[in-house]
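This report describes selected helices, helix contacts and loop residues of one protein model. Please consult the sequence and the structure shown below while reading.

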Amino acid sequence: LRLLALIALAAAAFAAPAHAETAKIAVASNFIQAAKEIGEAFENETGHQTVFSFGATGQLYAQIAHGAQFDIFLAADQARPQKAADEGLALPDSLFTYAKGRLVLYSADPALVSGEETLRAARFHKIAIANPVTAPYGAAAIEVMRALGVYDVLQGKLVQGANIAQAYQFVATGNAETGFVALSQVIGREAGSRWLAPPTLHAPLAQDAVLLKPGEDNGAARAFLDFLKSPAARAIIRRHGYDLDAPAGE
């Protein structure tokens with residue numbers, strides 16, 4: 001009997017909390033790796049579960065607008081979370097900026113990218129970007145090319161990915177010699193060549209989070225948004241190449 005009691009106590013100690021829930025989270029593709037790492041840390045700390053769906057911000061918003069049952073929206077811009085709040089799809093008082101992204105011109109060829117002169121010389125056949133209509137990083141890439149006066153020359157060389165993850169795949173596999181990707185996708189890679197686009201050449205890539213209506217009474221969703229503001233999560237976000245505003249007291 002004592003042995004059975006000890007086994008029962010041990011099982012209870014390792015069991016998930018009685019009120020553990022699952023948060024369904026729509027996440028912009030630039031944030032894939034950071035989200036996975038944050039999700040693991042969150043689950044270990046709280047016992048709640050996370051289910052991520054990744055895609056271009058515009059595509060995810062369209063799914064939300066058509067009734068997709070996500071609890072949280074982590075966008076690559078501020079406009080669409082705000083629009084979700086304005087249209088009654090999200091809770092306005094839950095909006096906050098969780099990361100600020102950076103745009104990079106990247107090539108798997110270590111000798112190709114040396115700076116903005118790479119765009120001016122245009123010694124490549126294809127340059128990949130994310131769809132600028134649905135992906136804020138793709139729109140930022142267009143802004144950079146226009147600011148440098150090279151868009152008209154490069155327009156015929158553009159290949160579009162559905163999202164920034166696909167744009168990166170085009171470059172990583174050599175289907176495009178170079179392309180505009182998120183710093184978070186290449187920050188840990190020493191191979192290849194890159195140019196960090198000056199933020200003065202494009203609109204800020206401020207990325208907002210918002211609690212969606214289906215997650216209003218979901219404890220896991222609210223806990224995840226709180227965790228996203230924690231020092232542990234913020235350290236992960238910084239490590240993946242994002243900028244952050246310092247909260248009061250940090």
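Helices (H or I, at least four residues) and strands (E, at least two) are DSSP runs, numbered from the N terminus, and contact means heavy atoms within 4.5 Å. The model is a predicted one, in which local features need pLDDT of at least 70 and side-chain atom pairs count only at pLDDT 80 or more, while totals for chains, interfaces and linings use all residues. Residues are numbered from 1 along each chain as its sequence is written, and side-chain values use heavy atoms, with hydrogens and water left out.

Helix α8 spans residues 164-172, and its buried residues are I164, A167, Y168 and V171. Viewed down the axis of α8, these buried residues fall within an arc of 100°, so they line one face of the helix. Buried means under 20% relative accessible area, exposed over 50%, and partly exposed in between (1.4 Å probe, protein chains only). The arc is that of the directions from the helix axis to the C-beta atoms. An α-helix has 3.6 residues a turn, so residues three or four places apart point the same way.

## Helix α3 and its contact with α4

In helix α3 (residues 57-65), the buried positions are T57, G58, L60, Y61 and I64. Down the axis of α3 they fall within an arc of 160°, so they line one face of this helix. They pack against β1 (22-28), β2 (49-55), β3 (72-74), α4 (79-86) and α6 (136-147). G67 follows α3 and has a positive phi, near 100°.

How do the axes of α3 and α4 cross? They come within 10 Å and cross at roughly 10°; α3 and α4 are therefore roughly parallel to each other. Axes are lines fitted to C-alpha atoms, for helices over the stretch in contact, and angles run from 0 to 180 degrees between N-to-C directions. Angles under 35 degrees count as roughly parallel, over 145 as roughly antiparallel, 65 to 115 as roughly perpendicular and the rest as oblique. The crossing of α3 and α4 is right-handed (left-handed if the near helix is turned anticlockwise from the far one by less than a right angle, right-handed if clockwise). T57, G58 and Y61 of α3 meet R80, K83 and A84 of α4 in this contact. By class, the residues of the contact of α3 with α4 are two nonpolar, two polar and two charged. Ala, Val, Leu, Ile, Met, Phe, Trp, Tyr, Cys and Pro count as nonpolar, Asp, Glu, Lys and Arg as charged, and the others, Gly among them, as polar.

Helix α2 packs against α10 at an angle of about 115°, with the two axes 11 Å apart, and the crossing is right-handed. On the α2 side the contact is made by I38, G39, A41, F42 and E45, and on the α10 side by A220, A223, F224, F227 and L228. The contact of α2 with α10 has eight nonpolar, one polar and one charged residues.

The axes of α2 and α11 come within 10 Å and cross at roughly 160°, which makes α2 roughly antiparallel to α11. A34, E37, I38 and A41 of α2 form this contact with A233, I236, I237 and R239 of α11. Its residues divide into six nonpolar, no polar and two charged.

Within α11 (residues 231-239), A233, R234, I236 and I237 are buried. They cover an arc of only 155° around the axis, which puts them on the same side of α11. Among the elements covering the buried residues of α11 are α2 (32-46), β4 (96-101) and α10 (219-228).

## Loop residues

A122 lies in the loop between α5 and β6 and is buried, at 14% relative accessibility. Although A122 is not a glycine, its phi is positive, about 55°. R123 lies in the loop between α5 (116-121) and β6, but R123 is exposed at 71% relative accessibility.

H202 is located in the loop between β9 (193-196) and β10 (205-211). Is H202 buried or exposed? H202 is buried, with a relative accessible area of 8%. Not counting residues up to four places away in sequence, H202 touches L103, A140, E143, V144 and A197.
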